[in-house]
Amino acid sequence: MGLDREKTKELLENIDALFDAITVNSSETAKKTLKKIVLGPAIGEIEKLVNESRPPVMLLMGRSGHGKSSVINALANKEVATVDDIRPETAESVPYVITFEEQNSTWKVIDTRGIFETTKPDEATNQSPIDVLKESIVKYKPDVVMHVISMPETRNLSNDLAVYKEITQEVEANIPTIIVLTKADTLGNPREWPPEQFAKKAGQMEDVLDYMVTDVLCVEAKPMNQNIPYYGYTIDDPTYVGIIPVSALWDDRWNIDTLSDLIGKHLEESAQLDFFQAQERMDQLKKISSALIKRFSTIAGTIGTTPIPVADIAILTPLQMLMISMIGALSGRPVSKDTATEYVAAAGVNIGAAIGLREGARQLVKLVPFGGSVISGSIAATSTYALGKSAEAYFFEKELKKPKSFMS
């Protein structure tokens, strides 16, 4: 289950009500000031993460039969694009709006007509595939382009890369482009697979990668994985940002996560949530969670700048409950205050039905012991960070680590 935008609105309303309950005895001036300094920026971060998020737009290009549709299916982990191994299948650029209902996410993927085709697909127009590709780039404004090339045929396709560079210059598009080397399993002896178990196949794959980088693109590159260089390279080039070998066969997918990581790295922040949530990539969603914790800790630290004396930790409770709820939601839990309640109860805070009220908030202090009754900005930031990292361990790693273990 991914972040549900409608449920997030409900959560924000509950957190706002919680803030009002905690500050019920405060003056209207104090309430407005505290809400502006503490709660307002926190809600803004959630709106930025959830309400302003959008589907990623990915465009695939390359020759017919090299596996563009198979790459779509492998990334989406379901069959959404038609695959035909014999004749060109895609007549024009086909936009797929892929819905991941259980993850509350959507992708937009553009499968383009194969370039340099020997025969035309049925129903194709007389417009050249190159012109179709140009128009598609301008029309759909993709976040990332995947240039799909069959790995066994790389030595014959250097012209394809040159043509694409000319296209991007002509349409003045600066789009991160990844070379996806498909059918990696068919390089050399197809029976020698996967490469982790066959040193000869691994060596052949690394030779192809080095050839593409050194002889074809003539660029600097470094391995995505220093321990296993044949998983692919990142590239220092104005057009191409990486080269990744994959097997996209439905029942034998290989190295798709490496491709996913590189795509996600080059997506705009607004498109990352839907991309990784759809794939249920916990490692990447945890990175989003960690970034959120840092932002909430910074917001909590601003409490030290408020002109209104804050006598106890209660005022931080709405912000921290919101943060914990969102961490849980990123891990796949329902986006609700109940998710935060589960963590707080597991961490040993007995606040029951009074969660979020003043006495409950004082109980929260037991998790992160510190001296004094007045909250300083540094204490507010540190305690919020510790709670966030503890909640992250609970939801993502299924481990109960006390917040004090994250205090530095």
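Between which two strands is the loop that holds Thr 239? Thr 239 sits between strand 7 (233–236) and strand 8 (240–245). The model is predicted: local features need pLDDT of at least 70, side-chain atom pairs count only at pLDDT 80 or more, and totals for chains, interfaces and linings use all residues. Residues are numbered from 1 along each chain as its sequence is written, and side-chain values use heavy atoms, with hydrogens and water left out.

**Overall build**

The protein chain has 13 helices and 10 strands. Helices (H or I, at least four residues) and strands (E, at least two) are DSSP runs, numbered from the N terminus. Of the 408 residues, 53% are buried. Buried means under 20% relative accessible area, exposed over 50%, and partly exposed in between (1.4 Å probe, protein chains only). The accessible surface comes to about 18300 Å². Carbon and sulfur atoms hold 49% of that surface. These areas come from the Shrake-Rupley method with a 1.4 Å probe; for residues, only the protein chains shown count as cover. Among contacts with a separation of 6 or more, 67% join residues 24 or more positions apart. Contact means heavy atoms within 4.5 Å.

**Cores**

In soluble globular proteins, nonpolar side chains tend to be buried together. Here the largest nonpolar core has 76 residues. A nonpolar core is a set of buried Ala, Val, Leu, Ile, Met, Phe, Trp, Tyr and Cys residues joined through side-chain atoms within 4.5 Å. Trp 107, Leu 259, Ile 263, Leu 322 and Met 326 touch the most other members. Helix 10 (residues 317–330) gives this core its largest share, 9 residues. Another core, of 39 residues, lies apart from it and includes Ile 149, Val 213, Tyr 230 and Ile 235.

What does Leu 259 contact, leaving aside its neighbours within four places in sequence? The partners are Val 71, Leu 75, Met 146, Ile 178, Val 180, Ile 244 and Val 246.

**Helix pairs**

Axes are lines fitted to C-alpha atoms, for helices over the stretch in contact, and angles run from 0 to 180 degrees between N-to-C directions. Angles under 35 degrees count as roughly parallel, over 145 as roughly antiparallel, 65 to 115 as roughly perpendicular and the rest as oblique.

Helix 1 (residues 5–22) and helix 2 (residues 28–51) have axes that come within 11 Å and cross at roughly 170 degrees. The two are therefore roughly antiparallel. Helix 1 brings residues including Leu 12, Ile 15 and Phe 19 to this contact, and helix 2 brings residues including Leu 34, Leu 39 and Ile 43. The contact residues divide into 8 nonpolar, 1 polar and 6 charged. Ala, Val, Leu, Ile, Met, Phe, Trp, Tyr, Cys and Pro count as nonpolar, Asp, Glu, Lys and Arg as charged, and the others, Gly among them, as polar.

The axes of helix 10 and helix 11 come within 8 Å and cross at roughly 95 degrees. This pair is therefore roughly perpendicular. Met 321, Ile 324, Ser 325 and Gly 328 of helix 10 meet residues of helix 11, among them Ala 340, Tyr 343 and Val 344.

**Buried sites**

| Residue | Relative accessible area |
|---|---|
| Asp 185 | 10% |
| Thr 339 | 4% |
| Thr 239 | 12% |

Asp 185 lies in the loop between strand 5 and helix 6. Beyond four places in sequence, Asp 185 touches Pro 190, Trp 193, Lys 201, Ser 247 and Leu 249. Asp 185 and Lys 201 are 16 residues apart in sequence, and 8.5 Å apart C-alpha to C-alpha.

Thr 339 belongs to helix 11 (residues 337–346). Apart from neighbours within four places, Thr 339 contacts Ser 325, Gly 328, Arg 333, Pro 334 and Phe 395.

Thr 239 touches Tyr 164, Lys 165, Thr 168, Ile 175, Pro 176 and Thr 177, not counting residues up to four places away. Tyr 164 is 75 residues away along the chain, with a C-alpha separation of 9.1 Å.

**Backbone features**

Trp 193 and Pro 194 are joined by a cis peptide bond, with omega about 5 degrees. Pro 194 is in the loop between strand 5 (177–182) and helix 6 (199–217).

Glu 172 is not a glycine, yet has a positive phi of about 55 degrees. Glu 172 is in the loop between helix 5 (158–170) and strand 5. Glu 172 is exposed, at 74% relative accessible area. Lys 398 also has a positive phi, near 55 degrees. Lys 398 falls in the segment after helix 13 (377–396). Lys 398 counts as exposed, at 61% relative accessibility.
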